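Please walk me through this structure, step by step.

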Amino acid sequence: DAAKAAATRSRDLDAAISAISVPPEREAQLDFSNVYYYGLDAILARQDSPIGTITQVDQMAPYRVGVQTGTVYESYLRSSLVDTGRMPAANLVSYSRADQAVNDLRNGLVQLIMLDKQPADEFNAAGGLKLVGQGLNPQSFAIAVKPWNHHYTIYLNNQLEISQTVTLDDSTRHTKESSGDTRGEEGVTPKTSEVSHSASEV
């Protein structure tokens, strides 16, 4: 998040591992590991809301929208809607925690909230809400590293490669066990070099 990225930039931390996205303004201030996770945004409304499917950010302008403070969604909506005059500043409501935004959404104090898709799905599964949009501002997540600490960045990338190799190997093994396939590993488990190649491209 923004606070951890700022602490890393000020050299209070060697690295920060959290839901830290990699927008261009952060890349200019920090080093980052290879991307380890791609995340989608989601937009939630109350189940009884007349708001339909949202496919463009401008469609959110007439509504009071909740976001978590310091997230890319707050800065995205501020730069896209508030700073351009499309949305009154009072319509962008910031919360210290996502669950606070959800509570206000349920109580009708905001009409939409924008957050990561995974927690949005969890809140939605609890009932009373509906998903009205997603994918307007997808994010790439990586480990933020103190500036100019390139050796540590290389070390982290190597550890991510090892972790990905182990995860893929475990996934293959469990899949084969569940299907009753006890044949050899040929053509199933990716080689380390293949994983390294794919990791370098993300």
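**A helix and what covers it**

The buried residues of helix H4 (residues 98–106) are covered by elements that include S4, S5, S6, S7, helix H5 (117–125) and strand S8 (129–134). Helices (H or I, at least four residues) and strands (E, at least two) are DSSP runs, numbered from the N terminus. Contact means heavy atoms within 4.5 Å. This is a predicted model, in which local features need pLDDT of at least 70, side-chain atom pairs count only at pLDDT 80 or more, and totals for chains, interfaces and linings use all residues. Residues are numbered from 1 along each chain as its sequence is written, and side-chain values use heavy atoms, with hydrogens and water left out.

Which residues of H4 are buried? They are Ala 98, Ala 101, Val 102, Asp 104 and Leu 105. Buried means under 20% relative accessible area, exposed means over 50%, and partly exposed lies in between (1.4 Å probe, protein chains only). Seen down the axis of H4, its buried residues fall within an arc of 165 degrees, so they line one face of the helix. The arc is that of the directions from the helix axis to the C-beta atoms. Just after H4 comes Gly 108, with a positive phi of about 80 degrees.

Now turn to helix H3. This helix is mostly covered: eight of its eleven residues are buried. They are Val 72, Tyr 73, Glu 74, Tyr 76, Leu 77, Ser 80, Leu 81 and Val 82. The cover over these residues includes S4, S5, S6, S7 and strand S9 (139–141).

**The strands**

Strands of a sheet pair through backbone hydrogen bonds, either parallel or antiparallel. Two strands count as paired here if DSSP finds at least two bridges between them. Start with strand S5 (residues 65–68). Four bridges join S5 to strand S6 (residues 92–95), and the two run parallel. Within this pair, Gly 66 stands opposite Val 93 in S6. To get from S5 to S6, the chain crosses through helix H3 (residues 72–82), and this β-α-β crossover is right-handed. That hand is assigned if, with the strands pointing away from the viewer, the path from the first strand over the helix to the second runs clockwise.

S5 also pairs with strand S7 (residues 112–116). Two bridges join them, and they run parallel.

Elsewhere, three strands form an open sheet in the order S1-S10-S2, with antiparallel pairing. Which strands are at the edges? They are strand S1 (15–16) and strand S2 (31–32), each of which pairs on one side only. Two bridges join S1 to strand S10 (residues 144–145), and these strands run antiparallel. Ala 15 stands opposite Val 145 in S10.

**Charged pairs**

Side chains of opposite charge can pair when their charged atoms come close. A salt bridge is a side-chain nitrogen of Lys or Arg within 4 Å of a carboxyl oxygen of Asp or Glu. By this rule the count comes to five.

One of them lies in H3. Glu 74 forms a salt bridge with Arg 78, and the closest N and O atoms are 3.6 Å apart. Both residues lie in helix H3, four residues apart, about one turn of the helix. Is Glu 74 buried or exposed? Glu 74 is buried, with a relative accessible area of 13%. Arg 78 is partly exposed, at 33%.

Another salt bridge joins the side chains of Asp 99 and Arg 97, at 2.9 Å from N to O. Asp 99 is partly exposed, with 29% relative accessibility. Arg 97 is also partly exposed, at 42%.

The side chains of Arg 46 and Asp 48 meet in a salt bridge too, at 2.8 Å from N to O. Arg 46 is partly exposed at 27% relative accessibility. Asp 48 is exposed, at 55%. Where does Asp 48 sit? Its place is in the loop between strand S4 (41–46) and S5. The C-alpha atoms of Asp 48 and Gly 128 are separated by 7.9 Å, although these residues are 80 residues apart along the chain.

**The whole chain**

The protein chain has seven helices and ten strands. Of its 202 residues, 38% count as buried. Among contacts in the chain with a separation of 6 or more, 72% are between residues 24 or more positions apart.
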